[in-house]
Amino acid sequence: MSCQALARRFGARVTCTRSLSPESRLVVLFLRWRGLCLPVVAPLHIHEREDETLYILEGRCTVQIGEQEMVASSGDSIFLPRGMVHAFRNDGPETLRLILTFVPAGVEQFFEEVLEPVTERNVVPPPPTKKLVERLLATGPKYGIVDSNC
């Protein structure tokens, strides 16, 4: 998938995306969220197939790993190994910009399948709808992303 194709799926939430081939075993997403419009970035879930790393470029992010919560801010990096229950969110009104990496690649296909293309990249994305949440939960297992409440 091209950078432009995945960016259309994320809209204003992706500044730039570089997806390498599955043989390279890595996908990198550059994301931004504004806390007041989308406070929950990723609810508790588990990746069965890939390790995830968050690198905070700007803002603050509350990260839950298992039962432990921590606050990460600009310059912090957090490694989330596959199989570990985790979540992260933007609690404040300021923009959160972060880089997510996934190893191995493949999870970008989940985002492409679940998210709707947007027409205006500079518009703040609306809060997630019930329909989107249902689609996330229904599609996740196909890509090894499991709701931790199951």
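**Notes on the core, the strands and the side-chain pairs**

1. Leaving aside neighbours within four places in sequence, Leu54 is in contact with Cys61, Val63, Asp76, Ser77, Ile78, Leu80, Phe88, Leu98, Ile99 and Leu100, where contact means heavy atoms within 4.5 Å. The model is a predicted one, in which local features need pLDDT of at least 70 and side-chain atom pairs count only at pLDDT 80 or more, while totals for chains, interfaces and linings use all residues. Residues are numbered from 1 along each chain as its sequence is written, and side-chain values use heavy atoms, with hydrogens and water left out.

2. Leu54 also belongs to the largest nonpolar core, which has 22 residues and in which Leu54, Cys61, Val63, Phe88, Leu98 and Phe110 have the most contacts. Such a core is a set of buried Ala, Val, Leu, Ile, Met, Phe, Trp, Tyr and Cys residues joined through side-chain atoms within 4.5 Å; buried means under 20% relative accessible area, exposed over 50%, and partly exposed in between, with a 1.4 Å probe and protein chains only. At least two residues of this core come from each of β4, β5, β7, β9 (95-103) and α2, and β9 gives the most, with four residues. Helices (H or I, at least four residues) and strands (E, at least two) are DSSP runs, numbered from the N terminus.

3. Strand β5, which covers residues 60-65, is mostly covered, since five of its six residues are buried. On which strands does β5 pair, and in what sense? With strand β6 (residues 68-73) the pairing is antiparallel over six bridges, and with strand β8 (residues 86-89), which also runs antiparallel to β5, there are four bridges; two strands count as paired if DSSP finds at least two bridges between them.

4. Individual partners can be followed along these strands. Ile65 has Gln68 of β6 as its bridge partner, Val63 stands opposite Met70 in β6, and Thr62 stands opposite Arg89 in β8. Two residues separate β5 from β6 in a hairpin, and Gly66 in the turn has a positive phi of about 65°.

5. How many salt bridges does a search of the whole structure find? The search gives four, a salt bridge being a side-chain nitrogen of Lys or Arg within 4 Å of a carboxyl oxygen of Asp or Glu. In one of them the side chains of Arg82 and Asp51 meet at 3.2 Å, N to O. Arg82 lies in the loop between β7 (77-80) and β8, and Asp51 in strand β4 (residues 51-58), so this pair ties together parts that are 31 residues apart in sequence. Arg82 is partly exposed, with a relative accessible area of 39%, whereas Asp51 is buried, at 19%.

6. Arg89, named above as standing opposite Thr62, also forms a salt bridge with Glu69, in which the closest N and O atoms are 3.3 Å apart. The pair links distant parts of the chain, with Glu69 in strand β6 and Arg89 in strand β8, 20 residues apart. Glu69 is partly exposed, with a relative accessible area of 44%, and Arg89 counts as partly exposed at 26%.

7. The side chains of Glu113 and Lys142 meet in another salt bridge, at 3.0 Å from N to O. Glu113 lies in helix α2 (residues 108-114) and Lys142 in the loop between α3 (130-139) and β10 (145-147), so the pair ties together parts that are 29 residues apart in sequence. Glu113 is partly exposed, with a relative accessible area of 36%, while Lys142 is exposed, at 51%.

8. Phe110 is in helix α2 and Tyr143 in the loop between α3 and β10, 33 residues apart. Phe110 is buried, with a relative accessible area of 6%, and Tyr143 is buried, at 11%. Ring pairs link Phe102, Phe110, Phe111 and Tyr143 into a cluster.

Definitions and conventions
Rings of Phe, Tyr and Trp (its six-membered ring) pair if their centres lie within 6.5 Å; planes under 30 degrees apart count as stacked, over 60 as edge-to-face and the rest as tilted.
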